[in-house]
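Let me put the structure up and then walk you through it.

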Amino acid sequence: MHLSDSVLDHLRQVVALPDLTGTRYELESEIGRGGLGVVYAARDIQLNRRVALKVMDAALTGEAELIARLEHPGIVPIHETGTLPDGRIFYAMKLVAGSRLDLYLDASQSVAERLRVIRRVGEALAYAHSHGVIHRDLKPQNLLVGEFGEIYVMDWGVDRVAGTPAFRAPEPRLDQRSDIYSLGALLAFVLPRAAPPALEAISQKAMSADPTARYPDVPALLADIARFEDGLPVQAWSEPLWHRLRRFGSRNAVLLWLVAAYAAVKFLLFFLRNL
Amino acid sequence: MIDLVRDDTAIGGPHDRFPSTRFSLLEAAAASGPSNEALDQVAKLYWKPVYRYIRLKFRKDNEDAKDLTQSFFAAALERDFFASFDPAKASFRTYLRMAVERFAANQHAAANRQKRGGHIEFEPVDDQPATTASPEQVFEREWQRQLFTLALDDLRSHSERCGKRLPFAIFESYDLTEDDRPSYAALAARYSIAETSVTNHLAWARRMLRGFVTARLRGVTSGDQELNQELRRACI
């Protein structure tokens, strides 16, 4: 039997499609491919709503169930997990309308908006870490910006995910500090070219090759970003004197203007009195 | 030695034995030395890709390419071919292709040394199918084709053994046709069954086909990780 190219490609396609026989879902279309599986748009026939159906390549246990229990505004809720008739594991998740972070970012976004994204990602990450779950493959392609500006962290990793080189920590065995490295790489990615040196320093500290030189946890990294936003010195950077003065000036501009105005009035009065 | 070559289309022909689905033959072969069963699995899947690769890469004619392919698999049995495969470095498919390339290049060089005192000259072969694809792309394409051919043979045998001739006939009419695919309604009318039965029969056959593709790959991969990667390359 000789399979022609067209029949071969057709077969390659139909065996890759998830077999939803006996499930409550009807397949609509493929919407993305991740490290561990393919995501499809599908319709939940029972509840008459559209869902995202992630069909995994490999059978996952333990941690997958843990991920399914995570409930956070930054983590896409999982409605159901199950096994397809062909043995593959699937997750039915909320179908989020939005744009991937790497497609969302353009020159119009302010530094404040970019930092808001990092903060939201960090909050989801800190929550997951507190439940013993690490992401392992944090990158712009795994972050979704919803239509109301909400941020979702997708594709929570499991053991076999290798990570994406530019965002992956160098250590072979990934843990929570590896996610901190990736968050630092993500901060570097979202920052504009002429970024404030304090933010660059935060990113570099998070991306230290030595895990112990990184922030001890995600909240510590977020706290340093918050210090920057409040005009306070950040832990990651010992700033030069002139920079400290400039920061003091911009943070206390009103006070300095008042002092200057007071000094000017005093000088004027002194000058008039001696006429 | 197992009989690997009858003609260039006989390898991987119909058979009624299911490949092992429980463990990787490669792992077993690496642990206890090459076995006929392991090589048989590998040869069934890779004979045609290797043959096409040698023809295209080294511009060999049909007979020379068959001889070289045969010699390669025979040599693989005698050497520590399976033991020196390191899954951390490459997939077995890539490892095998590179081994073929080295083997064929050495054989080719040796033949030329004998004929001309060491000067290598590739002779053009006119009867190869015209293609713009690289030998590596042809190798992968033939690997996919052979994988699905073997899995289809498995599915056909299984259907006959289990009394599932109707599902297979519907699958054949719909998924294996070269012409325009008939509608589900037309198939239902042709076989006097309900349209939903057509859907179910097709789903069964595709599910089984995926299972046989997976089983075939499991026999020639080093473990779950490589298996999943190869499945992704085999399927779209």
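Before anything else, let me say how I use one word: a residue is buried if 20 or more other C-beta atoms lie within 10 Å of its own, exposed if 12 or fewer, and partly exposed in between, with C-beta atoms placed from the backbone. Also, this is a predicted model: local features need pLDDT of at least 70, side-chain atom pairs count only at pLDDT 80 or more, and totals for chains, interfaces and linings use all residues. Residues are numbered from 1 along each chain as its sequence is written, and chains are lettered from A and ligands numbered from 1 in the order in which they are written.

So, the helix I like in chain A. Helices (H or I, at least four residues) and strands (E, at least two) are DSSP runs, numbered from the N terminus. H4(A) covers residues 111-130, 20 residues, and reaches 28 Å from its first C-alpha to its last, close to the 28 Å expected at 1.5 Å a residue; that expected span is 1.5 Å times one less than the number of residues. Which residues of H4(A) are buried? Leu115(A), Val117(A), Ile118(A), Val121(A), Gly122(A), Ala124(A), Leu125(A), Ala126(A) and Ala128(A). Those buried residues pack against helices H3 (101-104), H5 (176-190) and H7 (218-229), plus strands E7 (143-146) and E8 (151-153), of chain A. Just after H4(A) you'll find Gly132(A), with a positive phi of about 80°.

Now the sheet next to that. Strands pair, for me, if DSSP finds at least two bridges between them. In chain A, three strands make an open antiparallel sheet in the order E6-E7-E8. E6 (98-100) and E8 are the edge strands, each pairing on one side only. On average, neighbouring strands there are turned by 30° against each other, direction ignored. Axes are lines fitted to C-alpha atoms, for helices over the stretch in contact, and angles run from 0 to 180 degrees between N-to-C directions. E6(A) and E7(A) pair over three bridges, and Ser99(A) has Val145(A) in E7(A) as its bridge partner. H4(A) packs on this sheet, touching E7 and E8 of chain A, and its direction makes about 40° with that of E8(A).

Other strands in chain A: E5(A), residues 89-94, pairs antiparallel with E3(A), residues 49-56, over five bridges. There, Ala52(A) is partnered by Met93(A). E4(A), residues 78-83, also pairs antiparallel with E5(A) over five bridges, and Thr83(A) stands opposite Ile89(A). The hairpin of E4(A) and E5(A) has five residues between the strands, and Gly87(A) in it takes a positive phi near 95°.

Over to chain B: nine helices and zero strands. Of its 236 residues, 39% count as buried. Chain A has nine helices and eight strands, with 32% of its 275 residues buried.

One residue in chain B to click on is Val50(B), in helix H2(B), residues 36-58. Why does Val50(B) count as buried? Because it has 28 C-beta neighbours inside 10 Å. Contact, by the way, means C-beta atoms, placed from the backbone, within 7 Å. Leaving aside neighbours within four places in sequence, Val50(B) is in contact with Thr69(B), Phe72(B) and Val100(B).

Last stop, where the chains meet: 20 residues from chain A and 24 residues from chain B. The chain A side divides into ten nonpolar, four polar and six charged. Here Ala, Val, Leu, Ile, Met, Phe, Trp, Tyr, Cys and Pro count as nonpolar, Asp, Glu, Lys and Arg as charged, and the others, Gly among them, as polar.

Definitions and conventions:
Two residues are in contact if their C-beta atoms, placed from the backbone, lie within 7 Å.
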